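Reader: Before the details are discussed, I would ask for the model to be shown.

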Amino acid sequence: HLHDFNLDANRAPKGAAVYFASGSSVQSYSALRINGGVAPPIGAVRCSGACNRISGNRSLTSAGVATDGAIIHLERRNILAINRTTLSDNQGGPLLSGVEMGQTFDDGLVVGNSLLERNRSATGPTSQGQLIRMTGNAIQPLRIYQSTIVGNEILGTHVLDLDDDSVLQRSIVWQPGTSALIGGGQRQIEDILANDIGSLVSGGVRLINVDPRFIDPTRRDYRLRAASPGVDFAATSVGPDLLGNARGNDLPIVANRHGPADLGAYERPALLPLVLNPDFDRDARLWTGSGDADSSWTWSAAQNHVGATGSGSVFVTSTGFNAVGPSQCIHVPGPASYLLNGWGRVRTATNQVALRWEFRRNGGEACTAGSADQSGVVTLSTSTTTWTRAVEAAAIAVPPAEWTSGSSITVTLVAGGREPSGWFDGISLALTDVADRIFADDFEP
């Protein structure tokens with residue numbers, strides 16, 4: 001039993017992180033249970049830093065030559081149950097391989113509430129470059145549930161190569177360009193978001209092939225945005241999730257496709273925030289665009305209003321009469337009335353800073369398809385001495401008849417006046433409610 005652990009930077013030709021090979025007797029088997037089963041013993045010492053990771057392991061000979069051996073390898077009736085674990089940055093043959101696994105009373109391999117990301121598979125005599133390979137007629141099936149498989153460098157043609165029975169539930173398999181599954185055995189596949197659902201159709205129900213809308217995959221943040229199609233998708237769940245959040249959290253205004261539980265390793269705990277990196281916390285990630293020919297923008301540590309001291313803001317300037325800064329594409333999670341606001345400050349008294357917004361009923365994944373169905377501008381500040389925001393936020397009504405799964409609001413930071421310059425911080429897109437109206441004139445200091 002492992003709890004609050006790390007298995008990292010190990011080297012071996014096969015089974016660099018875990019290797020089980022039991023004897024031939026039917027009574028002889030090994031079982032490894034990660035974050036499950038019995039509770040940690042009293043007095044156990046938790047790992048330091050980020051815990052529950054199997055990372056940085058390499059399949060190498062003692063001379064340092066790469067092999068195609070698995071990072072985790074099990075043989076003959078062994079049991080491996082992985083829960084709430086991140087498996088990342090490993091390099092070898094399959095990440096997980098098993099031969100003749102399982103007991104009559106248990107599954108052979110179980111992976112739940114876990115993230116499998118940025119592992120690199122190898123090809124060779126015993127591996128065809130799959131991420132997971134199971135062979136040899138396991139007594140009980142492989143089971144993967146509520147897990148996310150994404151961003152792995154898979155040199156083979158398939159993510160999963162399974163000769164045996166398999167169960168795949170409430171998970172995300174997002175490996176563009178690679179087929180999800182090959183192999184035989186009986187399959188139970190349900191509630192899956194995947195780049196390839198063709199290989200999952202046999203034995204599969206409730207399958208979707210759409211962008212999962214991760215928060216920030218470039219920085220390895222695979223949590224789901226509020227408007228992700230994987231949010232409030234499944235009817236049942238087993239928690240907690242990878243971060244310890246309770247499962248089955250039913251978000252307001254988000255329609256339940258089949259139930260309140262989210263797909264993948266992460267359950268979204270709340271609807272807000274809809275704007276990502278709204279406080280420009282130490283950078284301007286997730287805000288994009290180069291402005292126009294006369295404009296420029298940059299993250300600035302010189303000014304800050306929202307967030308930790310020194311977390312910064314975005315500075316927009318122009319040599320002309322209007323400055324166009326970065327934008328963010330925000331997919332709308334459901335029909336509602338939204339309030340857009342933010343904080344601003346100008347460098348010159350004749351300038352102003354504002355938020356320009358455009359609503360598209362079906363703007364696509366980039367929020368740019370077709371013309372805007374609604375648009376507007378809300379002025380945040382004309383002050384050179386203090387940070388201010390709009391007395392009344394921009395109200396953006398999205399009625400049920402206008403909302404689709406591709407509905408979006410694009411927010412752009414702009415400044416006006418002659419050679420305008422100004423700072424932005426704390427951009428927010430919230431739902432209209434009574435509290436919003438009562439405090440629309442901002443009693444905040």
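Author: A disulfide is taken as a pair of cysteine sulfur atoms within 2.5 Å. In general, a disulfide is a covalent bond between the sulfur atoms of two cysteines. With bonded cysteines counted along the chain, the disulfides here follow the pattern 1-2, 3-4. The model is a predicted one, in which local features need pLDDT of at least 70 and side-chain atom pairs count only at pLDDT 80 or more, while totals for chains, interfaces and linings use all residues. Residues are numbered from 1 along each chain as its sequence is written, and side-chain values use heavy atoms, with hydrogens and water left out.

Reader: How many disulfides does a search of the whole structure find, and which residue does a disulfide join to Cys 47?

Author: The search finds 2 disulfides. Cys 47 is joined to Cys 51, with an S to S distance of 1.9 Å. Burial is read from relative accessible area: buried means under 20%, exposed over 50%, and partly exposed in between (1.4 Å probe, protein chains only). Cys 47 and Cys 51 are both buried.

Reader: Where in the chain do Cys 329 and Cys 367 lie?

Author: Strands are DSSP runs (E, at least two residues), numbered from the N terminus. Cys 329 belongs to strand β27 (residues 322–331), whereas Cys 367 sits in the loop between β29 (352–360) and β30 (374–381); the pair, 38 residues apart, links distant parts of the chain. The S to S distance of this disulfide is 1.8 Å, and the link is right-handed, with 50° about the S-S bond.

Reader: Why does Cys 367 count as buried?

Author: Cys 367 counts as buried because its relative accessibility is 1%. Cys 329 is partly exposed, because its relative accessible area is 21%.

Reader: What is the strand order of the open sheet of 6 strands?

Author: Two strands pair if DSSP finds at least two bridges between them. The order is β3-β7-β11-β15-β18-β20, with parallel pairing. The edge strands, β3 (18–21) and β20 (179–182), each pair on one side only. Within the sheet, 3 bridges join β15 (residues 132–135) to β18 (residues 158–162), and Arg 133 has Asp 161 as its bridge partner in β18.

Reader: Which residues have the most contacts inside the largest nonpolar core?

Author: A nonpolar core is a set of buried Ala, Val, Leu, Ile, Met, Phe, Trp, Tyr and Cys residues joined through side-chain atoms within 4.5 Å. The largest has 52 residues, and those with the most contacts inside it are Leu 340, Leu 355, Leu 413, Phe 424 and Ile 427. Another core, of 40 residues, lies apart from it and includes Met 134 and Leu 160.

Conventions. Helix = DSSP H or I, 4+ residues; strand = E, 2+ residues; numbered from the N terminus.
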